[in-house]
Amino acid sequence: MDRRSEYAGFITPCAESTGMILEETLIFGSEEDADAFCAFAKEKGIAVKKSFRGVAITEDIVICSLDGFIDWYSEMIDANSEDTKTFSGGVISLLKRHVNLLERTRAKLDELLDGKEIGDVIYTIETVQKAILSLLTLPEKDAEALGDLPEMNDVWIPIEVMMKDNDLVVESPEGYRLSRKVDPGTLLYQNTLVSYEDVFMDAGESHGATFSANYSIDSECVVTAGPGIYLLDDQDRIFDLLDSLAVDEVSLDLFYENYTPKRQIVLSLLDLIGRKNVLSLTEISAGMAKYNSSPDTADPGFQIRLSPIMVKLIVTELIKAKILIGPEKKIRLGKGSPGR
């Protein structure tokens, strides 16, 4: 028999799955944070690979006049009574904050445009910059309450957007000059969709709203770490590092969920081989099918129950990472194993 055929059942599945069972993937909010994690991993001898992937983003938006938004949202708030609870408390709270902001924005626009003629300076770039900077430096608890405060610089954000989107001003060295006269209430404003309820959408259309979707692609910085990540002497260091970096919560939660059980499995498999120095794949599979730890006063005991196929996949990955070495019948610890 051709030896390639003899070992095909062992080689092919493992080759297809290499890097899947023991790899961990983390998604970082910035390339700088990804690089910080990679630097730590390489210092500890952990193989890592950094890559980027595109993530599709869909944003449902609505465009309506300023007065249309105020009347529409106010109507929805008034219609949501004890008897007809169309919207949740969270949606109603959001609608109220929008109305509060837009009403204050309308009042500020009336003030800015009152008595102004085409060519007059309406406001300066510095005014907008200072207003936005004041918002960015607010304590978080105050920033969350913006829509409930009587007067804040937050009105400059929708004003700046509406002025430019409606081609109402022209930039000059002195500031933004009025390009045409208009009733502020008729200015079109874009907002994200607050609700998908039919009553909400129908009311929006009656107030002149139009609905659409914005599609875009953003990039994520992805780092994949090899099996060496389970062999750290002090795993708390990697947890502390990750807690200090911007990491996608879903990928971080999955990493934490995977880490301890996979670490126990890898260390137990290495312990099994280390006690005998050399074991065949069959012997390793038998040992990991009913592995029982010895409980002590510090840690409770645990059991491991792995199928022969899973052991085969794990061993293949550990060999690729040089944590194990040798052919199928004589597998032993490699240079990448702890203490080697």
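pLDDT is the predictor's confidence in each residue, from 0 to 100, and contact means heavy atoms within 4.5 Å. This is a predicted model, in which local features need pLDDT of at least 70 and side-chain atom pairs count only at pLDDT 80 or more, while totals for chains, interfaces and linings use all residues. Residues are numbered from 1 along each chain as its sequence is written, and side-chain values use heavy atoms, with hydrogens and water left out.

**View 1. Confidence along the protein chain.** The protein chain averages a pLDDT of 86, and 87% of the residues score at least 70. Over residues 1-19 pLDDT stays under 50, and the model has 18 contacts beyond four places in sequence for them. Over residues 141-151 pLDDT also stays under 50, with 18 contacts beyond four places in sequence. Where pLDDT is low, the predicted coordinates should not be read in detail.

View 2. Helices (H or I, at least four residues) and strands (E, at least two) are DSSP runs, numbered from the N terminus, and two strands pair if DSSP finds at least two bridges between them. Strand E4 (residues 169-172) and strand E5 (residues 175-178) run antiparallel and are joined by four bridges. A hairpin of two residues connects E4 to E5, and valine 170 stands opposite arginine 177 in E5.

**View 3. Helix H13 and the residue that follows.** The expected span of a helix is 1.5 Å times one less than its number of residues. For the 13 residues of helix H13 (residues 308-320) this gives 18 Å, which agrees with its end C-alpha atoms, because they are 18 Å apart. Val311, Leu313, Ile314, Val315, Thr316, Glu317 and Leu318 in H13 are buried (under 20% relative accessible area, with exposed over 50% and partly exposed in between, using a 1.4 Å probe and protein chains only). Just after H13, lysine 322 takes a positive phi of about 65°.

**View 4. The largest nonpolar core around leucine 269.** A nonpolar core is a set of buried Ala, Val, Leu, Ile, Met, Phe, Trp, Tyr and Cys residues joined through side-chain atoms within 4.5 Å. The largest has 45 residues, of which Phe37, Leu269 and Ile284 touch the most other members. Helix H11 (249-276) and H13 are among the elements that give two or more residues to this core, and H11 gives the most, with eight residues. Leaving aside its neighbours within four places in sequence, leucine 269 is in contact with Ile284, Met288, Ile314, Val315, Leu318 and Leu324.
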